[in-house]
Amino acid sequence: MSWFYEQHGARKGPVSEEDMRTLVTDGAIVHSTLCWTEAFGAEWQPAGSCAFWPPQPEGVPPALPASSVTSRWAWLSILGPFVGNMVVDVLAWFGGIPSHQSSMIAILLNFVIIFSAMLMDRRALIVAGFRPGSVLWILIPPFYFWRRLQMVGNGLLIFFLSVLVFLFQFVPSFSDSWTAMQNGEGFSSYMSRRYYEL
């Protein structure tokens with residue numbers, strides 16, 4: 001029996017049932033990946049409901065449908081820092097906090113919001129029966145959200161927003177530090193200059 005599967009909007013195959021099992025083991029096919037064989041007629045089915053999908057251990061239910069997985073924690077990790085910055089700005093304005101201190105507070109608050117929300121999102125995936133992999137995925141948010149998109153099958157907008165936030169927040173800082181190192185400026189003097197700029 002020949003099988004086909006969907007990958008990034010493209011139809012892949014034909015492959016054998018044994019090859020499909022290997023793709024599941026390798027992580028190329030996840031529970032929500034759409035698959036097709038002649039027996040399905042005109043309908044594609046999620047891999048989790050197909051014959052090649054590994055059986056669940058007895059007494060362990062399968063993962064919930066991807067549509068039932070909440071994205072509220074993922075959205076909080078993307079939008080939370082904007083709200084955090086506004087709160088810090090308002091508190092700094094009313095409290096007379098110097099701008100370099102309020103910037104440091106905003107950075108710490110955003111760090112806590114982003115990674116706490118991502119940990120909660122990862123926990124929600126585990127509770128729903130998905131296997132999000134190592135917790136280290138959250139250290140680079142676009143990678144985490146790409147993996148999440150592959151597992152759950154939805155969240156494309158969250159992935160793209162995480163890429164934009166990553167590019168606008170981290171890439172400029174990296175390029176500034178790289179330029180400073182090329183100009184012969186030491187790391188400590190670069191960090192001192194960046195601190196006073198805040």
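Is Arg21 buried, partly exposed or exposed? Arg21 counts as partly exposed, because its relative accessibility is 32%; the classes are buried for under 20% relative accessible area, exposed for over 50%, and partly exposed in between, with a 1.4 Å probe and protein chains only. Before going on, some ground rules: this is a predicted model, where local features need pLDDT of at least 70 and side-chain atom pairs count only at pLDDT 80 or more, while totals for chains, interfaces and linings use all residues. Residues are numbered from 1 along each chain as its sequence is written, and side-chain values use heavy atoms, with hydrogens and water left out.

Let's start with the overall layout. The protein has 6 helices and 4 strands, counted as DSSP runs numbered from the N terminus (helices are H or I with at least four residues, strands are E with at least two). Going along the sequence, the pattern reads β-β-α-β-β-α-α-α-α-α. Of the 198 residues, 29% are buried. If you take contacts (heavy atoms within 4.5 Å) between residues at least 6 apart in sequence, 51% of them join residues at least 24 apart.

His8 has a positive phi of about 55° although it is not a glycine. You'll find His8 in the loop between strand E1 (3-7) and E2, and it counts as exposed because its relative accessibility is 56%. Then there is the peptide bond from Gly13 to Pro14, which is cis with omega near 5°; Pro14 sits in strand E2 (residues 10-15).

Back to Arg21 and its partners. The structure holds 3 salt bridges, each being a side-chain nitrogen of Lys or Arg within 4 Å of a carboxyl oxygen of Asp or Glu. Arg21 pairs with Glu17 at 2.9 Å, N to O, and these two are separated by about one helical turn because they are 4 residues apart in helix H1 (residues 17-26). Arg21 also meets Glu18 at 3.7 Å, N to O; being 3 residues apart in helix H1, Glu18 and Arg21 are again separated by about one helical turn. Put together, Glu17, Glu18 and Arg21 are linked in a network of salt bridges. Glu17 is partly exposed, with a relative accessible area of 23%.

Another salt bridge joins the side chains of Arg148 and Asp121 at 2.7 Å, N to O. This pair links distant parts of the chain, with Arg148 in helix H4 and Asp121 in helix H3, 27 residues apart. Arg148 counts as buried because its relative accessibility is 2%, and Asp121 counts as buried at 0%.

Now for the loop between H1 and strand E3 (34-36), which is where Ser32 is found. Leaving out residues up to four places away in sequence, Ser32 touches Pro46, Gln150, Met151, Val152 and Gly153. Ser32 and Glu6 are 26 residues apart in sequence, and their C-alpha atoms are 10.0 Å apart in space.

In the model, residues 73-95 are 100% helix and 0% strand, with end C-alpha atoms 30 Å apart. Residues 102-119 are likewise 100% helix and 0% strand, and their end C-alpha atoms lie 26 Å apart.

Finally, take a look at Ser162, in helix H5 (residues 156-182). Ser162 counts as buried because its relative accessibility is 3%. Its side chain reaches the backbone oxygen of Phe159 at 2.7 Å. Not counting residues up to four places away in sequence, Ser162 touches Ile78, Pro141, Pro142 and Phe145. By contrast, Leu136 counts as exposed at 58% relative accessibility, and it lies in the loop between helix H3 (99-127) and helix H4 (141-152).

Methods: Polar contact = N/O pair within 3.5 Å; in protein donor to acceptor, adjacent residues only side chain to side chain.
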